[in-house]
Amino acid sequence: MAKAVTIKDIAQHCGLSVATVSRVINNKGAIRAETVERVEAAVQALGYRPSMAARALKSASNRTLGVIIPSLTNPVFAETAAGLQQQARLLGYTPLILSSDYDDALESSAVENLLAYQVDGVLLTVNDATSSAALERLDEAGVPYCLMHNVPRQRVAGFIGVDNFRAAAEVATRIQALGHTRIGMVSGDFMRTDRARDRYAGFLAGLKYAGVELAHLVQVDPVNATGLQESLSRIYSQEGSHPTAWFCSNDLLALATIAQLEAMGRSVPDDVSIVGFDGIQAGALRQPMLTSVRTPNLEIGSASVDLLMAQIHDTSSNSGRKLDYHLMEGGTLAAVSEMPDPDSGNTPDPHLQSLDESKDDA
C-alpha cells in the first residue's frame with residue numbers, strides 16, 4: 001500500500017517550510033496568494049488527504065495545554081512552569097507538563113503523548129528550534145504551539161524568550177572592562193541546547209569586540225554537569241596562565257564551577273571571578289551573591305500562554321517576542337586590580353570598551 005502523503009511531503013515539493021504549508025492547509029494567518037496557489041496545486045498533484053485525527057484535534061477542545069520542558073529540577077523551568085500554570089488556570093485551562101531531559105527522542109515522544117490527549121495547544125522548550133522533529137510533528141498535526149526560551153532565527157513560530165546572544169555579549173564586555181584578559185566559558189553541550197550555543201556565540205562576539213580571545217571552553221552535560229571536575233582539574237594542573245574569570249551558560253553550572261574551584265583551593269572572587277546566566281534564587285542567596293544575567297522566567301511562562309491563546313483563537317499569526325533581562329551585579333565578579341594573580345603575579349591594564357548598540361543578532 002502506498003505511503004500516505006503528509007504535510008512535510010507538500011512542503012518539500014513546494015520548497016516551503018512545514019509551518020507555512022500547515023498554515024495554508026488550516027487556513028490560519030495571512031499568507032500570500034501565490035504561496036496559497038502553490039500549496040493547493042501540490043495538494044492536488046500529490047493527492048494529499050488531511051488526517052481526520054488532525055481535524056479532530058483542531059476542532060475539539062478539552063481546555064488542556066500540553067507543556068514540554070527540558071528538566072523538572074532546573075529552577076529556570078520550574079519558574080517558567082509556575083508562570084504558565086498560573087496564567088493557564090486564570091483562563092480556564094489545565095496544563096499537562098512533561099519533561100524531555102534534553103533528549104530529542106523524548107521530545108518527540110512527549111509530543112505524540114500530548115497529541116493523543118488532544119491538547120488545545122502546546123508550550124515547549126526544545127533542544128534546538130532550528131532542527132526539531134518535535135516541532136515538525138506539531139506543524140504536521142496543525143496544532144498551535146509557542147516556544148519558551150528558544151529564540152529561533154529561521155523557523156516561523158511563536159516564541160517568548162530573551163536575546164541570549166546580546167546578553168552574553170554584554171557579559172563579555174563587562175568582564176573585560178574589569179581588566180580580565182584570560183577568560184574561560186563553561187557551557188552546556190551545544191548539541192543538546194540552542195540556548196547555550198547562542199550564549200556562546202554572543203560571548204565570543206563580545207570578547208572579539210573587546211579585543212580578547214576566549215582562553216578555554218568547557219562543554220558539559222546540561223543536566224548533571226558531567227565532565228566539569230575533570231576539565232577544570234586538567235586546566236588548573238597545567239603550567240602557565242589560568243583564567244581569572246569564567247562565564248557559565250547557566251547558574252547551575254556557575255554554582256557547580258564555584259564549588260569545584262573552591263575544592264581545588266581557589267577562592268571566588270579573590271582568585272577567580274564567576275558570572276552565571278538565569279538569575280535563579282539559589283545564586284542570589286549564596287554569599288557572596290552570584291553575578292548573573294536575570295531572565296524573567298515567570299513572565300516567559302505567562303506570556304507564552306497569552307501568545308498561544310492568540311494562536312488558538314486565530315487572532316494572531318505566529319510571532320515572537322524578546323523580553324528584557326538585566327545583569328545582576330553580585331559578589332562573584334571582581335576587577336583584576338582587586339585580585340591577586342596566583343599564576344604570574346602580573347595585573348594587565350584594563351581595556352575598557354562597551355558593546356556598540358549596532359552589534360545585534362549574528
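This is a predicted model: local features need pLDDT of at least 70, side-chain atom pairs count only at pLDDT 80 or more; totals for chains, interfaces and linings use all residues.

Student: OK, so is T332 buried or exposed?

Tutor: T332 has a relative accessible area of 0%, so it counts as buried. You'll find it in the segment after β12 (326-328).

Student: What does the side chain of T332 reach?

Tutor: Two backbone atoms. One is the backbone oxygen of I274, at 2.7 Å, and the other is the backbone nitrogen of T291, at 2.9 Å.

Student: And which residues does T332 touch, leaving out those up to four places away in sequence?

Tutor: Quite a list. Among them are I258, V268, P269, V272 and S273, and also R286, P288, M289 and L290.

Student: Let's take those prolines. What's the peptide bond from V268 to P269 like, cis or trans?

Tutor: That bond is cis, with omega near 10°. P269 sits in the loop between α11 (251-263) and β9 (273-278).

Student: Then what kind of peptide bond joins Q287 and P288?

Tutor: A cis one, with omega about -5°. P288 is in the loop between α12 (281-285) and β10 (291-294).

Student: Switching to backbone angles: what's phi of Y102?

Tutor: Near 60°, which is a positive value in a residue other than glycine. Y102 is in the loop between β2 (94-99) and α6 (104-116), and its relative accessibility is 7%, so it counts as buried.

Student: And Q118, where does that lie?

Tutor: In the loop between α6 and β3 (121-124). Phi of Q118 is also positive, near 55°. Q118 is partly exposed, with a relative accessible area of 32%.

Student: New topic, helix packing. How do the axes of α2 and α7 cross?

Tutor: The axes of α2 (residues 18-25) and α7 (residues 133-141) come within 8 Å and cross at roughly 15°. That's why α2 is roughly parallel to α7. The crossing is left-handed.

Student: Which residues make the contact?

Tutor: V18, A19 and S22 from α2, and E136, D139 and E140 from α7. By type, that contact has two nonpolar residues, one polar and three charged.

Student: Last one, the whole chain: how many helices and strands?

Tutor: There are 13 helices and twelve strands. The chain has 362 residues, and 51% of them count as buried. Among contacts between residues at least 6 apart in sequence, 74% join residues at least 24 apart.

Technical notes
Residues are numbered from 1 along each chain as its sequence is written. Side-chain values use heavy atoms; hydrogens and water are left out. Helices (H or I, at least four residues) and strands (E, at least two) are DSSP runs, numbered from the N terminus. Buried means under 20% relative accessible area, exposed over 50%, partly exposed in between (1.4 Å probe, protein chains only). A polar contact is a pair of N or O atoms within 3.5 Å; within protein, one must be able to donate a hydrogen and the other to accept it, and residues adjacent in sequence count only if both atoms are side-chain atoms. Contact means heavy atoms within 4.5 Å. Axes are lines fitted to C-alpha atoms, for helices over the stretch in contact, and angles run from 0 to 180 degrees between N-to-C directions. Angles under 35 degrees count as roughly parallel, over 145 as roughly antiparallel, 65 to 115 as roughly perpendicular and the rest as oblique. A crossing is left-handed if the near helix is turned anticlockwise from the far one by less than a right angle, and right-handed if clockwise. Ala, Val, Leu, Ile, Met, Phe, Trp, Tyr, Cys and Pro count as nonpolar, Asp, Glu, Lys and Arg as charged, and the others, Gly among them, as polar.
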